[in-house]
Amino acid sequence: MFSHVRPKGGVRMVDVSAKARTHRVAVASGRVLLGETAYGALAEGDVIKGDVLTIAQVAGIAAAKQTATLIPLCHNVSIAALDVELSLVQVDWAVHIRATAVAQEATGVEMEALVAVSVSALAIYDMCKSVSKAIRITDVMLLHKSGGKSGAYHV
């Protein structure tokens with residue numbers, strides 16, 4: 001049975017009030033495949049909307065802080081640290097995104113890391129769409145989680 005589904009139907013937020021607060025870490029990643037033209041504009045700083053990578057970092061951090069508002073059954077967690085790293089990868093004509101979320105909580109921060117990656121990717125798309133509409137957001141995934149009863153997970 002899924003923990004968010006009531007026995008007689010409907011949904012609920014899982015009760016984590018009896019769980020111990022532990023050190024939680026989650027790392028997620030994703031890629032934005034820009035294509036050669038948009039990648040070139042980004043790498044040269046020629047995107048009209050401005051500093052794409054800085055805006056994408058800020059967007060990811062801001063979004064992670066809003067995860068409980070964006071994802072209906074997520075708990076509101078107090079994020080202790082959040083880092084969004086962006087790197088240009090010319091061989092793929094891509095931006096690789098990696099987000100790390102840290103908290104001392106009774107529930108994990110996987111969703112916060114995944115939301116940070118997803119919204120960072122969307123910000124990159126938004127800022128580069130004037131150069132190309134053929135941009136693809138791919139491979140958004142959880143790479144690592146630790147802390148809590150279920151133990152560690154690594155890809």
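Trainee: What does leucine 34 touch?

Mentor: Not counting residues up to four places away in sequence, leucine 34 touches Tyr39, Leu42, Trp93, Ala94, Val95, Ile124, Cys128, Ser132 and Ile135, where contact means heavy atoms within 4.5 Å. This is a predicted model, in which local features need pLDDT of at least 70 and side-chain atom pairs count only at pLDDT 80 or more, while totals for chains, interfaces and linings use all residues. Residues are numbered from 1 along each chain as its sequence is written, and side-chain values use heavy atoms, leaving out hydrogens and water.

Trainee: What makes a set of residues a nonpolar core?

Mentor: Its members are buried Ala, Val, Leu, Ile, Met, Phe, Trp, Tyr and Cys residues joined through side-chain atoms within 4.5 Å, buried being under 20% relative accessible area with a 1.4 Å probe and protein chains only. The largest such core has 34 residues, and Val32, Leu34, Val95, Ile97 and Ile124 have the most contacts inside it. H4 gives the most to this core, nine residues.

Trainee: Why are E2 (79-89) and E5 (153-154) called edge strands?

Mentor: The open sheet runs E2-E3-E1-E4-E5 with antiparallel pairing, and strands pair if DSSP finds at least two bridges between them. E2 and E5 each pair on one side only, hence the name; E2 and E3 (residues 94-105) pair over 10 bridges.

Terms used: Helices (H or I, at least four residues) and strands (E, at least two) are DSSP runs, numbered from the N terminus. Buried means under 20% relative accessible area, exposed over 50%, partly exposed in between (1.4 Å probe, protein chains only).
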